[in-house]
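Hello,

Here is the structure we talked about. Please have a look, then read my notes below.

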Amino acid sequence: MPASPSTARAINDRLALRLLQDEGPLTAGRLKQLTGLSRPTVADLVERLTAAGLIEVVGEAGEQRRGPNARLYGIVTGRAHLAALDVRTEGVAVLVSDLVGRVLAEASVPIGGDIGTGPAVEQAVTLVERALKESGADRLHTVGIGAPGLIDPATGELRDSSGLPAWHRRLVAALQERLPEARVTVENETNLAALAEQREGAAVDRDTFVLLWLGHGTGAAVVLDGALRRGASGGTGEIGFLPVPGTTGLPSATDCEGGFHSLAGSAAVAALAREHGLRPAREPVPGEPAAAGLVRAAVARATDAAGDTPDGARDGAPGSGLDDASGRFLDALADRLALGAASVVAVLDPGCVVLGGEVGQAGGEALATRVADRLRRMAPLPTQVRPSLLGGAAVLHGALLTARESAQAELFGGH
């Protein structure tokens with residue numbers, strides 16, 4: 001049956017708003033071309049959305065074109081402000097943006113493991129309030145949080161997980177109390193990273209893929225047919241608990257030591273690098289897992305050696321023992337990563353595995369190619385292996401994407 005007039009208007013309005021979100025400011029004529037709607041229909045929706053305070057004139061198109069037809073319409077970006085948080089065991093990073101995702105302020109703070117739950121929560125909430133003030137906004141509409149651990153699918157809240165700081169679970173309630181007008185949501189950090197890689201990173205052309213998170217810890221996110229899969233208890237992707245060969249024991253229900261985490265977590269990767277004689281960077285990147293710097297340096301040395309770059313005066317010169325050690329280290333790391341990836345591939349057949357997190361990004365194509373070679377020998381299913389393009393920043397990107405979509409769904413829902 002044909003849509004009622006009100007339903008048709010709502011569909012047309014949402015289409016126009018989506019185009020303005022994706023394309024940026026447009027003239028009414030360009031909206032007509034992109035939507036296929038008639039000129040009067042476009043004129044009506046522009047008037048309607050302007051009256052609702054959702055779009056506004058932001059300029060004119062072309063110096064030679066004047067008058068109503070040249071007006072550029074854009075979303076009223078200040079209609080709502082958003083915050084995204086990346087909550088780690090060792091600290092918090094936050095950014096504040098406008099309604100279309102333009103970042104207005106960023107901040108971060110380390111939170112030591114010896115600090116109490118109350119002071120830790122206060123530090124994190126104060127950081128958000130400071131970023132909000134620096135952004136020039138007076139309040140937040142939506143706050144998206146990425147955090148390690150399981151999200152209860154029934155309540156949408158962080159579940160009590162062993163090994164994670166108690167302040168993580170307290171933070172959501174504290175933010176909701178201090179920001180009563182804001183909608184506060186939380187999602188597993190690896191899931192948010194996968195959403196970001198799908199929208200803006202290594203998996204933009206994939207509806208089905210698995211992101212293997214390689215940072216301080218390990219995890220996986222599963223996207224099948226365009227949808228993020230969380231599982232019955234919210235635990236899809238807890239790959240750190242996966243029993244694998246090469247460890248000294250087996251994981252338990254409360255401790256992932258002995259599982260894949262023991263081979264691929266940052267501490268394990270750093271230990272593997274030491275076994276191959278590699279040293280950490282003299283000036284590590286603040287907040288970055290030690291393993292990422294080691295992998296990045298190994299890739300650079302191995303790449304220089306393969307390209308026969310003449311530089312015999314420095315460590316890692318072509319043909320030196322350090323270059324050989326770098327290659328052997330990357331080979332050994334790929335052996336480990338392939339164990340976890342092969343298990344995922346055998347069960348899900350995702351067709352693509354993204355090596356995510358800081359370590360996956362640091363490894364680049366050099367590490368991804370090595371893992372892909374091993375997967376071809378271990379798994380019967382064809383699988384691409386790609387390095388992350390966003391690295392650790394993917395969590396904040398994903399949290400902002402979900403906050404923006406939630407706010408826009410509410411604000412645009414009636415139009």
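What follows covers the salt bridges and one glutamate.

One caution before the details: this is a predicted model.

**Salt bridges**

How many salt bridges are there? The count comes to 19.

Start with aspartate 13 and arginine 48. Their side chains meet in a salt bridge, with N to O at 2.8 Å. Aspartate 13 sits in helix H1 (residues 5-23) and arginine 48 in helix H3 (residues 39-51), so this pair ties together parts that are 35 residues apart in sequence. Is aspartate 13 buried or exposed? Its relative accessible area is 2%, and because the cut-off for buried is under 20%, aspartate 13 counts as buried. Arginine 48 is partly exposed, at 25% relative accessibility.

Next, arginine 296 and glutamate 288. This salt bridge has an N to O distance of 2.7 Å. Glutamate 288 has 19% relative accessibility and counts as buried. That value falls under the 20% cut-off. Arginine 296 has 37% and counts as partly exposed.

Which class of accessibility does arginine 376 fall into? Arginine 376 is exposed, with a relative accessible area of 57%. Aspartate 373 is partly exposed, at 28%.

Then there is the network. Salt bridges link Asp86, Arg88, Glu189 and Glu358.

**Glutamate 187**

Where is glutamate 187? It lies in strand E8, which covers residues 183-188. Glutamate 187 is buried, at 11% relative accessibility. What does its side chain meet? There is a polar contact with the side chain of arginine 230, at 2.6 Å.

Set aside the neighbours within four places in sequence, and its contacts are Ile145, Gly146, Ala147, Ile151, Leu192, Leu228 and Arg230.

**To look at in the viewer**

- Aspartate 13 with arginine 48, joining helix H1 and helix H3.
- The network of Asp86, Arg88, Glu189 and Glu358.

Best wishes

Key:
Residues are numbered from 1 along each chain as its sequence is written. This is a predicted model: local features need pLDDT of at least 70, side-chain atom pairs count only at pLDDT 80 or more; totals for chains, interfaces and linings use all residues. Side-chain values use heavy atoms; hydrogens and water are left out. A salt bridge is a side-chain nitrogen of Lys or Arg within 4 Å of a carboxyl oxygen of Asp or Glu. Helices (H or I, at least four residues) and strands (E, at least two) are DSSP runs, numbered from the N terminus. Buried means under 20% relative accessible area, exposed over 50%, partly exposed in between (1.4 Å probe, protein chains only). A polar contact is a pair of N or O atoms within 3.5 Å; within protein, one must be able to donate a hydrogen and the other to accept it, and residues adjacent in sequence count only if both atoms are side-chain atoms. Contact means heavy atoms within 4.5 Å.
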